[in-house]
Amino acid sequence: MTDGSPLAVAMEEEESTAMAMEVEESPSPSIAPRDPPKIQRLEESVVNRIAAGEVIQRPVSAVKELVENSLDADSTSISVTVKDGGLKLIQVSDDGHGIRREDLPILCERHTTSKLSKYEDLFSLSSMGFRGEALASMTYVAHVTVITITKGQIHGHRVSYRDGVMEHEPKACAAVKGTQIMVENLFYNMIARRKTLQNSADDYGKIVDLLSRMAIHHNNVSFSCRKHGAVKADVHSALSSSRLDSIRSVYGVSVAKSLIKVEVSSGESSGCAFDMEGFVSNSNYVAKKTILVLFINDRLVECSALKRAVEIVYAATLPKASKPFVYMSINLPREHVDINIHPTKKEVSLLNQEIMIDMIQSEVELKLRNTNDIRTFQEQKVEYIQSTLKFSKSDTPVSPLPSGQKTPKVPVHKMVRTDSSDPAGRLHAFLQPKPHNLPDTVSSLSAVRSSIRQRRNPKETADLSSVQELLSGVDSCCHPGLLETVRNCTYVGMADDVFALVQYQTHLYLANVVNLSKELMYQQTLRRFAHFNAIQLSDPAPLSELILLALQEEDLDPENNEKDHLKERIAEMNTELLMEKVEMLEEYFSVFIDSDGNLSRLPVILDQYTPDMDRVPEFLLCLGNDVEWEDEKACFQGVSAAIGNFYAMHPPLLPNPSGDGVRFYTKTRGNVEMESVLDQDLLSDAETAWAQREWSIQHVLFPSMRLFLKPPASMASNGTFVKVASLEKLYKIFERC
Ligand code: ADP
Ligand code: MG
C-alpha cells in the first residue's frame with residue numbers, strides 16, 4: 001500500500017503520466033485541406049488501457065482487488081502467492097462460492113458485476129466491489145487465468161483472458177472449492193511503468209502489509225501470503241475468535257500486549273451517528289512510524305486527518321517520542337461516506353469529519369492518560385503527587401491519591417522522571433522538548449496537549465467559525481430543485497467542450513461543467529479546510545517566475561516590452577505578499593511554498609483528481625491580486641474561490657483535436673501548405689489531455705457532485721443548467737408527424 005505521504009502521491013502522479021504517454025497510439029488521420037475534419041472516436045484499446053492503468057497502479061492494487069473479490073465471495077480462507085514483487089505472478093486462491101460457468105464469457109468485460117444492478121443499490125451495498133472494473137482492467141495490462149468451481153459441480157473450469165475477452169472456451173479441469181485467479185506479467189505492455197516498478201523496492205512488502213491489515217479486521221477469514229516457492233508464509237492468520245488474537249498472530253505478541261481497547265458510540269445528538277471500536281498502543285509500545293489500520297464500514301481506507309489527530313495525542317500525552325499502533329473500525333450510515341468514486345481511492349472523506357475525529361481523539365487521550373497515570377503511579381508515587389498538588393485550580397489534576405494514603409517507598413533508580421526542586425526534572429519537561437515555549441501556567445498533561453495543538457493551529461476555533469459561516473452561506477443559497485436534479489441526474493456525455501448533456505427524469509439538460517466543477521471545488525475546499533492531503537510537485541517552481549508568466553499571458557500586446565519592467569515589479573510585489581502568507585496557506589490550504597519561494601505542494605480537493613498544472617501561474621496571480629487578506633472570512637473565501645477556479649475542469653489549453661481544433665496541429669512543410677502534416681506529439685498530448693478530462697468529468701465530477709454539491713440558486717438562471725428537451729414535448733411533436 002502507498003502510505004499516503006506526499007511523496008507517494010507524487011510518485012503515482014508521475015507514473016500515471018508516464019503511463020498515459022506510453023499507451024498513446026494515436027490514430028493518424030490524414031486530412032485533406034478544406035474537407036470537413038473527421039470526428040473520430042479514440043481507439044477503444046487506448047481508452048481501456050488508460051483506464052486500466054489507473055485502476056491497477058501497482059501489483060499491490062491488483063492484490064487488493066483480488067482479495068476483496070474473494071471476501072465478497074464469502075470465502076473463509078484466502079491465500080496469496082507472489083513472484084517477483086507481483087510483476088511475474090500474483091495468485092489468489094479462495095474457497096468462496098466460485099463463478100458460474102455461464103458467467104465466464106463476460107467475467108472480464110468492463111462493467112460486468114454481480115454486485116450492483118442499479119444506481120440506488122450503491123447506497124445499500126455491503127460488498128467491496130461494485131463497478132466490475134477490476135478484473136477487466138487486469139486483463140488489459142496482464143495475462144489473467146481463472147480456475148473456478150461452483151457448488152455441486154463435478155469439475156471446475158479454466159479459462160484465460162486478454163483485453164477483456166476469453167482467449168478460448170472454458171476448459172474442464174480438476175478444481176478445489178472456490179476460485180483461483182492468476183495474474184501474470186503485470187504491465188507487460190506498459191514498459192515505462194514496468195521499469196519504474198522494477199527499479200523501486202518491490203511491492204512484496206506492500207502486499208504483506210496489505211494482507212496483515214486485512215487479516216486483523218476479517219478475523220473470520222484465514223489469510224496467508226508467501227513468496228512463490230517459499231515454504232514459510234509471511235502472513236499467516238488462523239480463524240480467531242477475538243480481534244486481539246488476530247492482532248497477536250499477525251503483528252506479534254509484543255504489539256498485542258501493549259494495546260488498550262478504545263470505543264466511541266456517538267448518539268444522534270452529536271449530529272453525526274457513528275460507532276468506533278479498536279485498539280491503540282500504550283506507553284510500552286515503541287515505534288518510529290505510526291501504523292493506522294483503519295476500516296470504515298469494513299473497507300480498508302486511509303484518513304490522514306485522523307492519523308494526524310491521533311499522533312498529536314501521542315506526542316502530547318506520552319513522554320517517549322513513540323508513534324502509535326492503531327487499529328480502528330468505524331461504522332457509520334452509508335450515506336455519510338463518499339463511496340469509492342474510483343477503485344483505487346483509499347483516502348476517504350466523511351461528512352462531519354471534524355466532529356468524529358474530535359470525539360475519537362478525546363477517547364484515545366482519555367484511555368491513554370488513564371493507563372499512563374497508572375504506570376506513573378507505580379513508579380513514582382511520591383514525587384508525582386507533590387507536583388500534581390501544586391497545579392493551579394483551573395487545571396485538571398491528574399488523579400491524585402486520596403489524601404492521607406500512605407505512599408510506599410520508591411527505589412531511587414526509579415525516581416527519574418520527577419523532581420520538585422529542579423524544574424528541568426518535572427514531568428512536563430519530558431513531554432515537551434522546549435519547555436520555554438510553554439506558558440507558565442502549563443503544568444497538567446491536558447494543558448500541554450492543548451498547547452501543542454495551539455502551536456499547530458494558531459487560531460483553530462476562530463478560524464473554523466468563519467469557515468462554518470461560509471459553509472452555512474453555501475447551504476442557505478442552495479437551490480432545492482437543482483439539488484434534486486444534480487443528485488439524480490444521469491450523465492449522458494459531453495455535448496461540446498464546456499457543456500455536458502445530462503438527463504433528469506424526462507428532461508434533457510445542458511450543464512456547464514466548468515461552472516459546476518468550480519463551485520464544487522470551492523465548496524470542497526471549505527469542507528476540507530485545514531485537512532487536506534497533498535499533491536507533491538515533482539519540480540518545485542519559483543513563485544516570482546510563475547507570476548511573471550501569468551502576467552505575460554494576460555498581456556494582449558506581448559511584443560511591447562516597455563511594460564516588462566512593470567510586470568517584473570508586480571510579480572515581485574505579489575511574491576512578497578504571498579511569502580508573508582506562507583504559514584497560513586500551508587496550514588489551512590496545504591499550498592506549500594518553501595523558504596526559497598518555490599511552490600512545492602498543492603492540496604487534494606477531490607481524490608483521484610489533479611488540476612491542470614498549466615493553470616498554476618494564473619492561480620498564483622489570482623491569490624496575489626484577488627484575495628482580500630485583511631478580513632479573515634473574506635480571505636478564506638477568496639483563497640477557496642481561487643483554488644476552486646484553478647481546480648475547475650476547464651477545457652485543456654490545447655485545442656480539442658476531435659473538432660475543428662485539429663487544424664491547430666497541422667504543420668506546414670516549407671511553403672507548400674497542401675502537404676501539411678500533423679504534429680503527432682502535440683496531437684497525442686492533446687488527445688490524452690482531453691480523454692483524461694472527459695474521464696474525470698464522468699467518473700470524478702458527476703459522482704462527487706451527486707454527493708457533495710449544493711448548487712447555488714444563481715445556477716438556475718445563469719446558464720449553468722439549460723433545459724434542451726422534454727420527453728413529453730418530443731412525444732407531442734411525434735404525434736403531430
Ligand atoms: P466487482 O468486484 O466490482 O463486481 P470485479 O471485476 O472485481 O468487479 O469482479 C467481477 C465479478 O466477478 C464479480 O462481481 C464477481 O461476481 C465475480 N468474481 C470475481 N472474483 C471472484 C471470486 N474470487 N469468487 C467469486 N466470484 C468472483
Ligand atoms: Mg472486485
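These legends describe close-up views of a predicted model.

**View 1. The residues around ligand 1.**
The shell around ligand 1 has 20 residues. Asn69, Thr113, Ser114, Lys115 and Gly132 come nearest. Sorted by class, the shell has 10 polar, 6 nonpolar and 4 charged residues.

**View 2. Polar atoms facing ligand 1.**
Thr113 places a polar side-chain atom 2.5 Å from an oxygen atom of ligand 1. Gly132 uses its backbone instead: a polar backbone atom of Gly132 is 2.8 Å from an oxygen atom of the ligand. Asp94 faces a nitrogen atom of ligand 1, with a polar side-chain atom 2.9 Å away. How much of ligand 1 does the protein cover? On its own, ligand 1 has 520 Å² of accessible area, and the protein covers 93% of that.

**View 3. Helices that contribute to the ligand shell.**
Which elements give two or more residues to the shell around ligand 1? They are helix H3, residues 59–72, and helix H4, residues 134–141. Each of these helices also packs against another helix, H3 against H6 and H4 against H2. The next two views take these pairs in turn.

**View 4. H3 packed against H6.**
Helix H6 spans residues 204–217. The axes of H3 and H6 lie 9 Å apart, and the packing angle is about 25 degrees. Angles under 35 degrees count as roughly parallel, so H3 is roughly parallel to H6. H3 passes H6 in a right-handed crossing.

**View 5. H2 packed against H4.**
Helix H2 covers residues 44–55. H2 and H4 pack with their axes 8 Å apart, at an angle of about 115 degrees. The range from 65 to 115 degrees counts as roughly perpendicular, and H2 and H4 are therefore roughly perpendicular to each other. H2 passes H4 in a left-handed crossing.

**View 6. H15 packed against H20.**
This view turns to another pair of helices. Helix H15 runs over residues 513–527, and helix H20 over residues 632–647. Their axes are 7 Å apart. Are H15 and H20 parallel or oblique to each other? The angle between them is about 135 degrees. Roughly perpendicular ends at 115 degrees and roughly antiparallel needs over 145, so H15 and H20 are oblique to each other. The crossing of H15 and H20 is right-handed.

Technical notes:
Residues numbered from 1 in each chain as written. Chains lettered and ligands numbered in written order. Predicted model: local features only at pLDDT ≥ 70, side-chain atom pairs only at ≥ 80, totals over all residues. Heavy atoms only, no water. Near = heavy atom within 4 Å. Polar contact = N/O pair within 3.5 Å; in protein donor to acceptor, adjacent residues only side chain to side chain. Areas by Shrake-Rupley, 256 points an atom, 1.4 Å probe, with all protein chains shown as cover. Helix = DSSP H or I, 4+ residues; strand = E, 2+ residues; numbered from the N terminus. Nonpolar A, V, L, I, M, F, W, Y, C, P; charged D, E, K, R; others polar. Axes fitted to C-alpha atoms, helices over the stretch in contact; angles between N-to-C directions. Left-handed = near helix turned anticlockwise from the far one by under 90°.
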